[in-house]
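Please read them alongside the sequence and the coordinates.

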Amino acid sequence: MGRVSERRTRGGRGLGRARAALAVLTAAVLGVAGCDAAGGDSPAPSPSASKRSKTAPAWDTSPASVAAVGDSITRGFDACTVLSDCPEVSWATGSSAEVDSLAVRLLGKAKAPGKSWNYAVTGARMADLTAQVTRAAKHEPQLVAVMAGANDACRSTTSAMTSVADFRAQFEEAMATLREKLPKAQVYVSSIPDLKRLWSQGRTNALGKQVWKLGLCPSMLGDADSMDSAATLRRNTVRDRVEDYNEVLREVCAKDRRCRTDDGAVHAYRFGTDQLSHWDWFHPSVSGQARLAEIAYRAVTAKTP
C-alpha cells in the first residue's frame, strides 16, 4: 500500500507539472499572437491610450502658412521711419534679412511672401482682434500669430485702460471666431512687453521723450521724468494691468489644444536701447523685431509647449 501511494503521489506531481508546463506554453503562444496583433514587439495599447492618440492633436512644428494679427509692434511701427509702419521688418511676417521673421524661418525666404499675411493694425486693441482674425481666416493659414494688448494699457489715463474682464471676454471672442473659421489652425500667442521696462530704457534719450509728448502711451510715458508718488503709482498701475492681461492670455490659450503662448518670454525680455526704435525709443527697432522673431520661432518649433 505505501509504494502504490508513493507512485500515485509521484504520478500526481508529474501530471501537475505537465499541466503547468502546458499552461505556460499556452500563455506564451497567446502572448506572441497578441504582439503580432498589435504590430511588432509592442504590446497592444490600452483603450485609454488609444483614445488619447485619436483625440490629442499633434503640434506641427513646421506649418506651411502664417497669418499675423495684432497692433503696431507686428506692423513694425517706427522701426524704419518716424511715425510710420514698416511691415517688411515685422517679427511675424517681414521679409527683411536683418529680422529673419517667423514666417521666413518656418517657410523659407522663397515661400514666405506667398504664404504669409499681416492683418495687424497700428493702434489696435483687443476689441479689434476678432475682425482681424476674420480677415486672416480667408487665407486658411495653418498658424495664426497673435500679439495684442499693449494698446489696452496704453491709454490717456489709467482709468481708461481696458478692464481685465473686458479684455478676457474680447480675447475669448476672438479665439472662438478663429476656432469657428479655422478649426485646425494652430495659434501662437505672444505675451505683452513690459511697458515699464520700455519707459525706463527710453527715458534716457531726449529725442524719444519729445516724441512721447505727441501722445505715445500717455498712461506710461506721460511726464517721463517725474518720479513723484503719483507718477510712480500711475506707472505701476499700468505695469500691473499688463501682467493681468498676460495671465488672461495664458489662461484662455491653455483651454485650446492647438494654442501656445511664449510662456511670458516677450514680457520678460529685457529690451535694451539697441532693441528700441531710434525714432520713439519705445517700439522695437529692427534688432528688437529680430529678438521677437527668435522668441516666436522657439515657441512654435518646440516639441512640447
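1. Cys86 is buried, at a relative accessible area of 2%, where buried means under 20% relative accessible area, exposed over 50% and partly exposed in between (1.4 Å probe, protein chains only). Its disulfide partner is Cys80, with the two sulfur atoms 1.9 Å apart; a disulfide here is a pair of cysteine sulfur atoms within 2.5 Å. Cys80 is partly exposed, with a relative accessible area of 30%. The torsion about the S-S bond of Cys80 and Cys86 is about -70°, so this disulfide is left-handed.

2. On the source: this is a predicted model, in which local features need pLDDT of at least 70 and side-chain atom pairs count only at pLDDT 80 or more, while totals for chains, interfaces and linings use all residues. Residues are numbered from 1 along each chain as its sequence is written, and side-chain values use heavy atoms, with hydrogens and water left out.

3. Cys154 and Cys217 form a disulfide with their sulfur atoms 2.0 Å apart. Cys154 sits in the loop between α5 (150–153) and α6 (164–181), and Cys217 in the loop between α8 (206–212) and α9 (218–221), so the link ties together parts that are 63 residues apart in sequence. Helices are DSSP runs (H or I, at least four residues), numbered from the N terminus. The link of Cys154 and Cys217 is left-handed, with -80° about the S-S bond. Cys154 is buried at a relative accessible area of 14%, and Cys217 is buried at 5%.

4. A disulfide also joins Cys253 to Cys259, S to S 2.0 Å. The torsion about the S-S bond of Cys253 and Cys259 is about -115°, so this disulfide is left-handed. Cys253 is buried, with a relative accessible area of 2%, and Cys259 counts as buried at 11%.

5. How many disulfides does the structure hold? There are three. With the bonded cysteines numbered in sequence order, the pairing is 1-2, 3-4, 5-6.

6. Helix α10 has 26 residues, which at 1.5 Å a residue should span 38 Å; the end C-alpha atoms of α10 are 37 Å apart, which agrees. The expected span is 1.5 Å times one less than the number of residues. Asp228 caps the N-terminal end of α10, with a side-chain oxygen 3.3 Å from the backbone nitrogen of Ala230. The buried residues of α10 include Val238, Val242, Tyr245, Asn246, Leu249 and Cys253.

7. Is Asn246 buried or exposed? Asn246 lies in α10 (residues 229–254) and counts as buried, at 4% relative accessibility. A polar atom of the Asn246 side chain lies 2.7 Å from the backbone nitrogen of Ile192. Leaving aside neighbours within four places in sequence, Asn246 is in contact (heavy atoms within 4.5 Å) with Ser191, Ile192 and His267.

8. The largest nonpolar core has 74 residues, and those with the most contacts inside it are Trp91, Leu129, Tyr188, Leu195 and Phe282. A nonpolar core is a set of buried Ala, Val, Leu, Ile, Met, Phe, Trp, Tyr and Cys residues joined through side-chain atoms within 4.5 Å. Leaving aside neighbours within four places in sequence, the contacts of Tyr188 include Trp91, Leu143, Val146, Arg260, Asp262, Ile295 and Val300.

Methods: Helix = DSSP H or I, 4+ residues; strand = E, 2+ residues; numbered from the N terminus. Polar contact = N/O pair within 3.5 Å; in protein donor to acceptor, adjacent residues only side chain to side chain.
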